[in-house]
Structure formats: C-alpha cells, structure tokens
Amino acid sequence: MPYAIQFYDATVQGQVLALPSTLLARYIVLADRMVNYGPHLGLPHTKALGDGLLELRLKGAEGIARVLYCTLVGQRIVVLHSFIKKTDKIPAKELAVAHKRLKEIKDAHP
C-alpha cells in the first residue's frame with residue numbers, strides 16, 4: 001500500500017512548490033520514492049531529527065533545501081515546513097516552526 005503525502009497547510013505547499021527548479025525537481029523525485037517505499041529513504045536523502053521529525057535533504061544547482069516532515073498512522077506523511085539552507089546546521093528558528101507544527105499534528109491525531 002503506498003504512502004500519501006499531505007501538507008500542513010496551503011502555505012507550506014506553496015513554499016515547497018516555490019523552491020528553485022532543481023530543488024523542486026529533486027523534491028518531486030524523492031517524494032515519489034517516499035510514496036512508494038516509505039518515509040525513511042536513508043542518507044543522503046532523508047534523516048531522522050528526533051521526536052518524530054524527519055528531514056528530506058535536497059541538493060541542486062541553486063543550493064540546498066530542507067523539507068521537514070512527520071508520519072502519521074495510516075501511512076501518511078505530513079510536510080510541516082521547508083526552507084533554503086544557508087548554514088551547516090538547521091537554524092533554530094526553522095526547527096522551532098517544524099516542532100510547533102509537529103506538536104499540533106500529534107495533538108490533533110493522537
């Protein structure tokens with residue numbers, strides 16, 4: 001049974017679809033793999049960040065981006081946040097957004 005990918009909200013979907021072209025192309029390829037094989041593709045494509053938060057690691061001609069997501073019962077993947085990465089570590093501000101949304105999702109789907 002394939003996985004389903006959904007977005008936290010329309011703003012997050014818009015952020016992902018607004019990624020520069022090579023990063024968006026990479027997202028589409030990896031999202032298709034997650035639908036077919038599950039949310040854990042392994043490095044260098046995905047990485048667990050702890051507490052149920054995972055990152056999809058995108059690299060393209062325009063730079064590096066991250067798409068942060070979680071999984072829910074029923075083989076659902078929820079995209080929580082995305083951003084263009086400019087430093088080696090994920091900025092605390094970006095992680096805080098994803099953790100806040102993750103908590104909301106978990107509270108709504110116990």
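Colleague: What should I keep in mind about the model before we start?

Modeller: Because the model is predicted, local features need pLDDT of at least 70 and side-chain atom pairs count only at pLDDT 80 or more, while totals for chains, interfaces and linings use all residues. Residues are numbered from 1 along each chain as its sequence is written, and side-chain values use heavy atoms, with hydrogens and water left out.

Colleague: What makes β4 and β5 a pair?

Modeller: Strands are DSSP runs of E with at least two residues, helices are runs of H or I with at least four, and both are numbered from the N terminus. Two strands pair if DSSP finds at least two bridges between them. β4 and β5 have 9 bridges, in the antiparallel sense, so they meet that definition. Within this pairing, I64 stands opposite K85 and Y69 opposite V79. In their hairpin, with 3 residues between the strands, G74 takes a positive phi near 90°.

Colleague: And what links β1 to β5?

Modeller: They pair in the parallel sense over 4 bridges, and I5 has I77 in β5 as its bridge partner.

Colleague: Why are β1 and β2 described as standing at the edges?

Modeller: The open sheet runs β1-β5-β4-β3-β2, with mixed pairing. β1 (4–7) and β2 (46–50) each have a single partner strand, so one side of each is left without a neighbour in the sheet.

Colleague: How do you know that β5 is mostly covered?

Modeller: Buried means under 20% relative accessible area, exposed means over 50%, and partly exposed lies in between (1.4 Å probe, protein chains only). In β5, 8 of 10 residues are buried.

Colleague: What makes a set of residues a nonpolar core?

Modeller: Its members are buried Ala, Val, Leu, Ile, Met, Phe, Trp, Tyr and Cys residues joined through side-chain atoms within 4.5 Å. The largest such core here has 17 residues, and L19, Y27, L56, L58, V67, Y69 and V79 are those with the most contacts inside it. α2 gives the most to this core, with 6 residues. Apart from it lies another core of 11 residues, among them L68, L72, F83 and I105.

Colleague: Which residues does V67 touch?

Modeller: Contact means heavy atoms within 4.5 Å. Not counting residues up to four places away in sequence, V67 touches Y27, L54, E55, L56, L58, V79, H81 and S82.
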